[in-house]
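Thank you all for making the time this morning.

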Amino acid sequence: MARQPMSRLPLDPENFIRKNTALETPAMVPEFKLWLATEYVPIWLATETWLEEQNVDPPYWAFCWPGGQAIARFLLDNPARVRGKAVIDFAAGSGVSSMAAARAGAASVIANDIDLLSLIAARLNAEANGLIVATSADDWLAGADAMPEADVVIAGDVCYEKEMSVRALAWLRGHANAGRLVLLGDPGRNYFSAQGLEELARYEIPTSLQLENRGMRETVVWRVLPLP
Ligand SMILES: C[S@@+](CC[C@H](N)C(=O)[O-])C[C@H]1O[C@@H](n2cnc3c(N)ncnc32)[C@H](O)[C@@H]1O
């Protein structure tokens, strides 16, 4: 059995999301509006103490990270990659890549994240754009029993911590070796490795200075190749 997440939830999750974010358009994906942090609702300035009081984990879901935006842009511009296919989005955060897969005509899309609040945000975001995205809170890196069927596996911005990156890259490689199309969006994070990857697209993505320490991040959509 895949290990269940230990994530936290505020008392009224939907209200928490709406109160602490605003419906915004990500720079690279003007087709969509999502509940995101802005300079007027700067949830990234929240202290650990405040997040703990609200019973909330660090709100990764309140941003469209460059990796996820790059995958979303790529799928919207290349819908044939997912049209009619079963797509799973590992570490979906806001769900922006899942939404693009759904808009591009995927037969089914599952947004996965171990943060339960992220899955509620992903559902609200999909609904705000008239899209349907299923969600899964299973920790897919912890065991394969509960894995849904998939033709395409997507993952945006998952190489920011050492342990997770190593496990995620190995897990993604396993899907590529099983014959699935595996797409990884990455802006050159510390623990990313291009070994056994093929570049499919490259974008300059505007980012928040507070979050990324720079106003732009070059971000690549990679195909994870099967390796013997
Ligand atoms: C930097 S965010 C990227 C979110 C989204 N893919 C994007 O690009 O906007 C990383 C996400 O990974 C999730 N995460 C961390 N470990 C995970 C795991 N083992 N399984 C699923 N999600 C995980 C976090 O909760 C967070 O939402």
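Which elements do the buried residues of α4 pack against? Before I answer, please keep in mind that this is a predicted model. The buried residues of α4 pack against the strands β2 (34-36), β3 (86-90), β4 (108-112) and β6 (152-156), and also against α3 and α5. The helix itself is mostly covered, with eight of its eight residues buried, and these run from Val96, Ser97, Ser98 and Met99 through Ala100, Ala101 and Ala102 to Arg103. Just after α4 comes glycine 105, which takes a positive phi of about 100°.

In soluble globular proteins, nonpolar side chains tend to be buried together. Here the largest nonpolar core has 66 residues, and those that touch the most other members are Ile71, Val87, Ala100, Ala101, Val153, Ala155 and Leu172. Helix α5 (residues 116-128) gives the largest share of this core, namely six residues. If we take valine 87 and leave aside its neighbours within four places in sequence, we find it in contact with Val82, Ala101, Ala106, Ser108, Val109, Ala150, Val152 and Ile154.

Now to the ligand. There are 25 residues around it, of which Trp65, Gly68, Ala91, Gly93 and Gly156 come nearest. The elements that give two or more residues to this shell are α3 (66-77) and α4 (96-103). By class, the shell has 13 nonpolar, eight polar and four charged residues.

Most residues other than glycine have a negative phi, and most peptide bonds are trans. Alanine 91, however, has a positive phi near 60°, and its place is in the loop between β3 and α4. Is alanine 91 buried or exposed? Alanine 91 counts as buried because 24 other C-beta atoms lie within 10 Å, the threshold being 20 or more. Asparagine 55, which is not a glycine either, has a positive phi of about 60° and lies in the loop between α2 (48-54) and α3. Asparagine 55 has 14 C-beta neighbours inside 10 Å, and therefore counts as partly exposed.

Finally, a word on the strands. Strand β9 (residues 216-224) pairs in the antiparallel sense with β8 (residues 197-206) over nine bridges, and isoleucine 205 has arginine 217 as its bridge partner in β9. Strand β7 (residues 181-186) also pairs with β9 in the antiparallel sense, over four bridges, and there the bridge partner of aspartate 186 is valine 220.

Key
Residues numbered from 1 in each chain as written. Predicted model: local features only at pLDDT ≥ 70, side-chain atom pairs only at ≥ 80, totals over all residues. Near = placed C-beta within 6 Å. Nonpolar A, V, L, I, M, F, W, Y, C, P; charged D, E, K, R; others polar. Pairing = 2+ DSSP bridges. Core = buried A, V, L, I, M, F, W, Y, C linked by C-beta atoms within 7 Å. Buried ≥ 20, exposed ≤ 12 C-beta atoms within 10 Å, placed from the backbone. Contact = placed C-beta atoms within 7 Å.
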